[in-house]
Amino acid sequence: MNCEVKHEEPAVSKQESVTPSGTERIHACKVYVPLVDIVETDNSLVLVSEMPGVDQAGVDVTVEKNVLTIKGTVGVEVPEGYKLSYEEYGIGNYECAFTLPNEIDRDGIQAVMKDGLLRLTLPKVRQVATRKVTVAAG
């Protein structure tokens, strides 16, 4: 019996974040770009970001100008008396940034962290209906 499994798309692996030229990182740990799914509804954009090992206290979401930045700090440590001898998973922090369109209500952004998944809801600005202004003779 042949049990070969074929994948139409290649498996996605964690990508290490690139430090911008001319800058240095403060902490000496790896930083990865988290995997993110983006779904658009009539009223909002929903971002779901995978950050295994990160809890609510380790998440930092900021909006500065038109840039939404997500940072996740992993709290996993090697137990006392042990040393890491082999690593496949690649424990490290997470960081990514998105340029927000003008239609996003920055004050209404909500974030929920549960089981290693960060869910951000970015509500769209309600469009104001066009109003005809009557011009009076002066």
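Tutor: Among the elements of the protein chain, mean pLDDT (the predictor's confidence in each residue, from 0 to 100) is lowest in strand β1, residues 15–16, at 65, and highest in β9, at 97. Strands here are DSSP runs of E with at least two residues, numbered from the N terminus. This is a predicted model, in which local features need pLDDT of at least 70 and side-chain atom pairs count only at pLDDT 80 or more, while totals for chains, interfaces and linings use all residues. Residues are numbered from 1 along each chain as its sequence is written, and side-chain values use heavy atoms, with hydrogens and water left out.

The chain has a mean pLDDT of 82, and 78% of its residues reach 70 or more. Where pLDDT is low, the predicted coordinates should not be read in detail.

Now the loops. Lys65 lies between β5 (59–64) and β6 (67–72); its phi is near 60°, a positive value in a residue other than glycine. Lys65 counts as exposed because its relative accessibility is 75%; the classes are buried under 20% relative accessible area, exposed over 50% and partly exposed in between, with a 1.4 Å probe and protein chains only.

Asp115, in the loop between β8 (110–114) and β9 (117–123), also is not a glycine and has a positive phi, about 55°. Asp115 is exposed, at 74%.

Asp107 sits in the loop between β7 (93–99) and β8 and is exposed at 78% relative accessibility.

How values were computed
Helix = DSSP H or I, 4+ residues; strand = E, 2+ residues; numbered from the N terminus.
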